[in-house]
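Hello! Here are a few notes to read alongside the model, arranged as numbered points.

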Amino acid sequence: MSLITFKKVMGIKIKVLLLVVILPCLMAAGMHKFYVSTTKVEYKEDEKSLQIITKLFIDDIEDVLQERYSPSISLATKKETKVAEDFLKKYILQKFKVVVDGKEIPLTYIGREYEIDVVKIYLEASKVKNFDAIEIENKILFEISPDQQNIVHVKRGTTKKSLILDNDNPKGLLNFD
């Protein structure tokens, strides 16, 4: 076998080996999708309010809105309509609840903004007195994936606490007393 033939055979073997090793990894990575959202709840004592920011993947929330309301809903594109945001607001306010010291607190939808593949949704609860306990219910996106996890971080003063909510446990209680 000549040196040139040997190099060609070795080059082909290396390429085949790389395909055999790397291709399954790439396919597995493409098949596994994480279903997670994060929510930050911060108590602003001087304003007597809870300020809430929820981050969701645009494609996930869009899938839910299309399934629930209309297949034509499009977010973060030129095709997005006021109706799409109205459905987003309606959905979020149905699926996210806050109870402070045993009393449900009304939430106000402030708006949303897009960052690459994420939508940040802003909510607020006003006239909230300092509290000892807060219960968060977050059922956002549970209907599209049984693996959905909603991580919630709550900050009151310098104290920070967190919850991981899922289909089996859609709400959690945090004590700050």
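1. A definition to start with: two strands count as paired if DSSP finds at least two bridges between them. With that in hand, look at Val99, which stands opposite Glu104 in β4. Strand β3, covering residues 96-100, runs antiparallel to β4, and 2 bridges join them.

2. Before going further, please keep in mind that this is a predicted model. The protein chain has a mean pLDDT of 87, with 82% of its residues at 70 or more. Residues 16-20 call for care: pLDDT is below 50 over this stretch, which has 2 contacts in the model beyond near neighbours in sequence.

3. Now to the sheet. It is an open one of 4 strands, ordered β4-β3-β7-β10, with antiparallel pairing. Which strands stand at the edges? They are β4 (103-104) and β10 (171-175); each has a single partner strand, so one side of each lacks a neighbour in the sheet.

4. Leaving aside residues up to four places away in sequence, what does Leu173 touch? Its contacts are Ala133, Ile134, Glu135 and Leu163. Leu173 and Val100 are 73 residues apart along the chain, and their C-alpha atoms are separated by 9.6 Å.

Terms used: Residues are numbered from 1 along each chain as its sequence is written. This is a predicted model: local features need pLDDT of at least 70, side-chain atom pairs count only at pLDDT 80 or more; totals for chains, interfaces and linings use all residues. Side-chain values use heavy atoms; hydrogens and water are left out. pLDDT is the predictor's confidence in each residue, from 0 to 100. Contact means heavy atoms within 4.5 Å.
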